[in-house]
Amino acid sequence: MSKRRVTYYYDPDVGAFTYGLTHPMKPQRMRATHELLIAYDMLPKMHVLRAKRASAETMTRFHTDEYVQFLSRVTPENAPQLSYSGTRFLVGEDNPAFDGVFEFCSISAGGSLAAAHRLMNGQTDIAINWAGGLHHAKKREASGFCYVNDIVLAILEMLRTVPRVLYIDIDCHHGDGVEEAFYTTNRVMTCSFHKFGEYFPGTGTLDDRGRGKGRGYAVNVPLKDGVTDEAYRSVFEPVIDKILDVFQPSAIVLQCGADSLSGDKLGCLNLTMQGHASCVQYIRKKNIPLMLLGGGGYTVKNVARTWTYETACALGIEDDIDLNMPWNEYFEWFGPRYRLEVPASNMEDMNLRDNSLNRVRETALRYLSELRPAPSVGLQDVPRESVGEHLGVGDAYEQGPLDDLDEKLARESPLPNIHAILPDPRAPGHTRFVYNLQEKAAQPADSDSEYDSDTSLARTRARSGPARHGKKRMSLLTGECFDVPRPPPEGYDLGCGHEPWPQSDIPAQGMKRRFFPSAARWEYALDRHLAERERAGMRNGRVDVGALMMNGGAVERARTAELGEEMDVDAEDD
Ligand code: V1D
Ligand code: CA
């Protein structure tokens with residue numbers, strides 16, 4: 001089996017967060033997975049990195065300012081007041097305002113953003129963030145245990161470099177938040193396999209296929225209870241093959257929600273660990289830059305087993321793994337068999353009973369055949385470097401190797417000094433797209449009259465005449481341009497100063513941007529753009545592309561907070 005360069009993102013703080021003792025989501029599963037990876041001696045075989053935490057400003061590339069501000073301030077105590085008695089932002093029991101919720105989100109999103117960045121630099125072939133995959137989070141509210149949509153943020157980051165990204169979701173639930181974010185674009189194809197029918201979130205029918213330019217670029221494979229490995233594979237592989245054929249993605253994001261495993265506390269499918277991992281193996285073989293993310297998964301010991309095995313698959317060493325577990329910190333959880341396996345149960349596969357699996361497969365394949373060939377985007381210029389990268393002093397997304405051993409491993413990287421500018425010429429498919437903004441700005445809006453949130457935004461701005469402050473930014477989703485004010489060319493620092501920008505500091509047309517505003521001032525900076533963004537957001541109800549445009553290259557700031565070490569142990573019986 002050919003080797004791949006694998007980067008694994010892990011933040012040692014992540015396992016200490018708790019949604020509450022009775023809540024099924026247990027962040028501790030990332031820690032249990034990490035302990036198994038240590039026990040199986042996998043860390044020395046990959047780059048092990050701790051990502052910088054995503055700043056509030058970065059989160060507003062997708063989420064509204066109001067929602068991110070809420071998340072950054074909410075505590076269990078003030079939640080009723082800040083959420084208008086639970087009617088906004090966090091609705092119902094699913095999404096509690098737990099202690100440290102913002103920090104938890106910033107770890108999850110920071111990992112996926114760093115993974116995107118590293119993949120797009122060509123520094124790795126596969127990037128893993130088991131703390132990511134939070135696919136239900138919406139632009140302005142939490143949903144299904146997900147608060148910040150790390151996947152949307154990561155894909156938006158990838159679209160700065162490559163023309164098309166494929167998102168695949170094998171979580172038992174429909175990947176509604178990611179689908180919704182990219183529903184009107186043809187630059188992201190989303191494909192979710194999920195249980196459908198009296199099941200959260202209730203979306204994801206075969207006929208939910210995207211809209212406007214995105215028509216046909218959302219693929220849904222609704223399933224009934226009890227899917228086995230064989231049945232799952234019989235639909236997964238042909239659908240994925242067809243997608244790769246018609247869409248030809250430059251990169252793939254695979255959400256590996258582990259609630260599709262047999263015996264999951266919230267799931268109702270019947271996949272074994274190997275059946276679940278065969279999706280990872282299948283995608284890995286395609287040799288396309290790949291991000292592996294976590295997601296759901298509520299029988300914690302099986303989540304840890306499966307993500308450990310899938311890490312081995314990423315490394316291509318799964319056949320060398322001893323299925324009898326080595327001793328590890330969580331060893332007693334895995335009794336009485338102490339095996340790295342999740343067996344199937346004897347439940348009936350309801351998909352076979354009424355031939356529905358065949359119908360679903362045939363319909364999904366037929367819809368894909370109706371698609372025109374892969375869309376392309378022109379060569380354009382997009383500002384993508386961070387302050388650190390701009391100055392050549394560091395990577396905005398990575399805090400550093402996890403420990404000394406990892407540091408040594410990182411130093412031995414085949415590409416030790418590349419900081420986000422050039423692709424690895426050895427890596428297949430790592431084309432750097434250089435966006436030419438001013439040329440693109442001169443082009444008229446296209447004549448597609450179908451609903452498309454991003455084009456409607458771009459057109460409105462194009463009609464409103466030349467920019468007062470000169471700078472054009474291009475929508476990463478549609479390729480169209482609109483105006484944004486730029487930060488001043490000098491007079492502010494790398495994040496240590498705290499003065500808001502005076503209005504008069506907005507630079508004249510043609511001045512070169514050197515630095516970006518610090519996160520310490522993000523509220524001020526964003527306030528100035530807020531009115532324009534909110535207008536666009538209300539009109540569209542879909543991705544707020546303006547946020548993305550305005551935050552290109554923003555400073556990432558680590559947020560740190562001390563957390564207790566107490567663990568939320570989830571006792572389970574075999
Ligand atoms: F069982 C519970 C106990 C406490 C709190 C919540 C739950 C629970 C179980 N299932 N909540 C659910 C689902 N919510 C509902 C609500 C009832 N309706 C008003 C909505 O059925 C949410 C299931 C979320 C699944 C999340 C996920 O696995 O897809 C995931 N992926 O990435 C991260 C999470
Ligand atoms: Ca899914």
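## Contacts of ligand 1

In this predicted model, a polar side-chain atom of Asp171 lies 3.1 Å from an oxygen atom of ligand 1. Tyr298 also takes part, with a polar side-chain atom 2.5 Å from an oxygen atom of the ligand. At Gly133 the backbone provides the contact: one of its polar backbone atoms is 3.4 Å from an oxygen atom of ligand 1. The protein covers 66% of the 740 Å² of accessible area that ligand 1 has on its own.

The surroundings of ligand 1 comprise 20 residues, of which Asp94, His135, His136, Asp259 and Tyr298 are the closest. Sorted by class, the shell consists of 8 nonpolar, 9 polar and 3 charged residues.

## Helix packing around helix 10

Two packed helices are described by the angle between their axes and the distance between the axes. Helix 10, residues 300-315, packs with helix 1, residues 28-39, at an angle of about 45°, and the two axes are 8 Å apart. Because of this angle, helix 1 is oblique to helix 10. The crossing of these two helices, helix 1 and helix 10, is right-handed.

Helix 10 also crosses helix 9, which spans residues 273-284; their axes come within 9 Å and cross at roughly 25°. Helix 9 and helix 10 are therefore roughly parallel to each other. Their crossing is right-handed.

## Helix 5 and helix 6

A further pair is formed by helix 5 and helix 6, the latter covering residues 150-158. These helices pack at an angle of about 25°, and their axes are 8 Å apart. Helix 5 passes helix 6 in a right-handed crossing.

## Backbone features in the loops

Which peptide bond is cis, with omega near 0°? The bond from Phe200 to Pro201 has this form. Pro201 is placed in the loop between strand 5, residues 188-195, and strand 6, residues 218-223.

A cis peptide bond also joins Gly335 and Pro336, where omega is about 0°. Pro336 belongs to the loop between helix 10 and helix 11, the latter being residues 350-353.

Another backbone feature concerns Phe89, which has a positive phi of about 70° although it is not a glycine. Phe89 is located in the loop that lies between helix 4, residues 79-82, and helix 5, residues 101-120.

Technical notes. Residues numbered from 1 in each chain as written. Chains lettered and ligands numbered in written order. Predicted model: local features only at pLDDT ≥ 70, side-chain atom pairs only at ≥ 80, totals over all residues. Heavy atoms only, no water. Near = heavy atom within 4 Å. Polar contact = N/O pair within 3.5 Å; in protein donor to acceptor, adjacent residues only side chain to side chain. Areas by Shrake-Rupley, 256 points an atom, 1.4 Å probe, with all protein chains shown as cover. Nonpolar A, V, L, I, M, F, W, Y, C, P; charged D, E, K, R; others polar. Axes fitted to C-alpha atoms, helices over the stretch in contact; angles between N-to-C directions. Helix = DSSP H or I, 4+ residues; strand = E, 2+ residues; numbered from the N terminus. Parallel < 35°, antiparallel > 145°, perpendicular 65-115°, else oblique. Left-handed = near helix turned anticlockwise from the far one by under 90°.
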